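Work through the exercises below with the sequence and the 3D view side by side. Try each task before you read its solution.

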Amino acid sequence: MPITGVYFIPSNPNASTALQLVTERLRAAFPNEELTPIGRWGLEQKLLRDTPGLLPASSNSNKKPPNPRYMQFLSLTHYPTHGFIYTSEAEKPAPAPNQNQNSAAAPAPIDGIAPDHSPSPSMVMTTVPPASYGTLFQHFTYACQPFWAHRLTLAVPNGIVYEVGDFRVRLGDVRQTFPTARVRGTVIEVEWRGPSVVEAIPVGRGNGSFGAAGGDGDVDVEATSIDLARSAIEESDIDAEYAATASLIREFWGRLGVEAREAILIPNVGMEVKDRLRRWKKAESGADARVDTNGDGVGSVVGERAEEDPDPWSGADVARQFMEVLRFNR
């Protein structure tokens with residue numbers, strides 16, 4: 001699973017986007033690179049938000065209104081074997097006050113790798129086969145209409161892909177197609193393609209064996225990975241690599257001199273990589289690593305979908321990043 005960063009530059013409805021500016025800045029900042037498009041890419045995101053309660057609020061109620069909940073459906077052409085669904089966790093009821101505890105105790109940190117901005121509500125990621133993706137969206141927009149409202153559909157219909165040194169850059173204009181058609185801005189994905197501890201962790205095949213890791217199916221693992229034994233990689237190494245790569249991505253973006261909304265070290269980034277490492281270590285110790293529901297439980301679908309999708313969690317990090325910058329909390 002490559003380590004990435006996503007940037008979004010909003011634009012006014014009747015103004016030009018920053019796509020041409022970013023392309024020109026890439027050429028100027030990296031004059032020794034042959035900035036020739038190597039392919040196309042696209043995405044579609046659908047945002048749902050929960051509806052207010054059907055019963056009117058009591059005028060005498062002092063209860064704080066609940067935070068809005070979101071559900072996002074995302075498809076990426078460079079991860080064609082599954083779609084991504086990201087939804088807000090249900091709010092847990094506040095515990096009853098306990099006079100024996102310090103009421104000023106600090107809140108528990110959000111699970112993730114060093115969030116670099118104010119915490120977002122806890123979210124849960126899942127991936128589904130393409131055949132189920134549209135069916136699930138229809139289910140929530142029709143059968144669950146009283147509880148979920150379709151707010152936005154966004155798309156990058158014809159993005160461009162460049163290779164710039166050790167980075168792969170995907171950029172494209174974001175167009176809103178629902179409820180009204182308009183241009184929202186430009187989104188840029190910066191993917192690190194250099195040596196990586198993360199890419200050295202193989203993918204579980206569902207039968208207890210592990211194969212080479214890969215992102216969008218065209219990664220040269222031998223050229224980009226670090227050859228390490230299972231026992232040599234720890235979760236702290238993953239944290240350190242995400243932090244170091246985030247610095248490289250920010251340095252890359254800084255050379256362009258363009259202000260943008262950033263999503264890199266957001267909550268839960270790296271969660272699936274850590275789970276893959278745990279299952280790999282279990283396989284080495286002789287334990288059954290096919291289904292692991294401890295902790296995050298993200299390995300539970302590996303065995304069920306291994307034949308048609310050898311890595312159901314590939315792209316989960318970049319999907320979170322796209323959803324973060326494209327949520328447009330309406």
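Two strands count as paired if DSSP finds at least two bridges between them. Keep in mind that this is a predicted model.

**Exercise 1. Strands and hairpins**

Task: Find what joins β7 to β8, and how many residues lie in the link. Then trace the pairing of β7 on both sides.

Solution: 
- Step 1. Start with the link. A hairpin joins β7 to β8 through three residues.
- Step 2. Check the pairing. β7 and β8 are antiparallel, with 10 bridges.
- Step 3. Now turn to β6. It pairs with β7 in the antiparallel sense over eight bridges.
- Step 4. Look at the turn. The β6–β7 hairpin has two residues between its strands. Glycine 165 in this turn has a positive phi of about 60 degrees.
- Step 5. Follow one residue across. Arginine 175 in β7 is the bridge partner of alanine 155. In β8, arginine 175 has valine 183 as its bridge partner.
- Step 6. Ask how enclosed β7 is. Nine of its 12 residues are buried, so β7 is largely enclosed by the rest of the structure.

**Exercise 2. The two sides of a helix**

Task: Which residues of helix α1 are buried, and which on the other side are exposed?

Solution: 
- Step 1. Set the cut-off. Buried means under 20% relative accessible area, and exposed means over 50%.
- Step 2. List the buried residues. In α1 (residues 19–29) they are Val22, Thr23, Leu26 and Ala29.
- Step 3. Recall the general rule. An α-helix has 3.6 residues a turn, so residues three or four places apart point the same way.
- Step 4. Go to the other side. Gln20 and Ala28 are exposed there.
- Step 5. Find the cover. The buried residues of α1 are covered by elements including β6 (148–164), β7 (167–178) and α4 (235–254).
- Step 6. Threonine 23 has 9% relative accessibility, so it counts as buried. Leaving out residues up to four places away in sequence, threonine 23 touches Leu35, Tyr162 and Leu171.

**Exercise 3. Aromatic rings**

Task: Describe the pair formed by phenylalanine 73 and tyrosine 133.

Solution: 
- Step 1. Know what to report. A pair of aromatic rings is described by the distance of the centres and the angle of the planes.
- Step 2. Count first. The model has nine aromatic pairs.
- Step 3. Read off this one. Phenylalanine 73 and tyrosine 133 lie 5.8 Å apart, centre to centre, with 75 degrees between the planes.
- Step 4. Classify. Planes over 60 degrees apart count as edge-to-face, so this pair is edge-to-face.
- Step 5. Locate the partners. Phenylalanine 73 is in strand β3 and tyrosine 133 in helix α2, 60 residues apart. Both are buried.
- Step 6. Look for a group. Phe30, Phe167, Trp192 and Phe252 form one aromatic cluster.
- Step 7. Lysine 46 lies over the face of phenylalanine 137, at 4.2 Å from the ring centre.

**Exercise 4. Nonpolar cores**

Task: How many residues has the largest nonpolar core, and which have the most contacts inside it?

Solution: 
- Step 1. Give the count. The largest core has 67 residues.
- Step 2. Name the best connected. Leu26, Phe322 and Leu326 have the most contacts inside the core.
- Step 3. Find the main contributor. β6 supplies the largest share, seven residues.
- Step 4. Look elsewhere. Another core, of 10 residues, lies apart from it and includes Phe73, Ile85, Phe140 and Cys144.

How values were computed: Residues are numbered from 1 along each chain as its sequence is written. This is a predicted model: local features need pLDDT of at least 70, side-chain atom pairs count only at pLDDT 80 or more; totals for chains, interfaces and linings use all residues. Side-chain values use heavy atoms; hydrogens and water are left out. Buried means under 20% relative accessible area, exposed over 50%, partly exposed in between (1.4 Å probe, protein chains only). Helices (H or I, at least four residues) and strands (E, at least two) are DSSP runs, numbered from the N terminus. Contact means heavy atoms within 4.5 Å. Rings of Phe, Tyr and Trp (its six-membered ring) pair if their centres lie within 6.5 Å; planes under 30 degrees apart count as stacked, over 60 as edge-to-face and the rest as tilted. A charge sits over a ring if NZ of Lys or CZ of Arg is within 6 Å of the ring centre and within 35 degrees of the ring normal. A nonpolar core is a set of buried Ala, Val, Leu, Ile, Met, Phe, Trp, Tyr and Cys residues joined through side-chain atoms within 4.5 Å.
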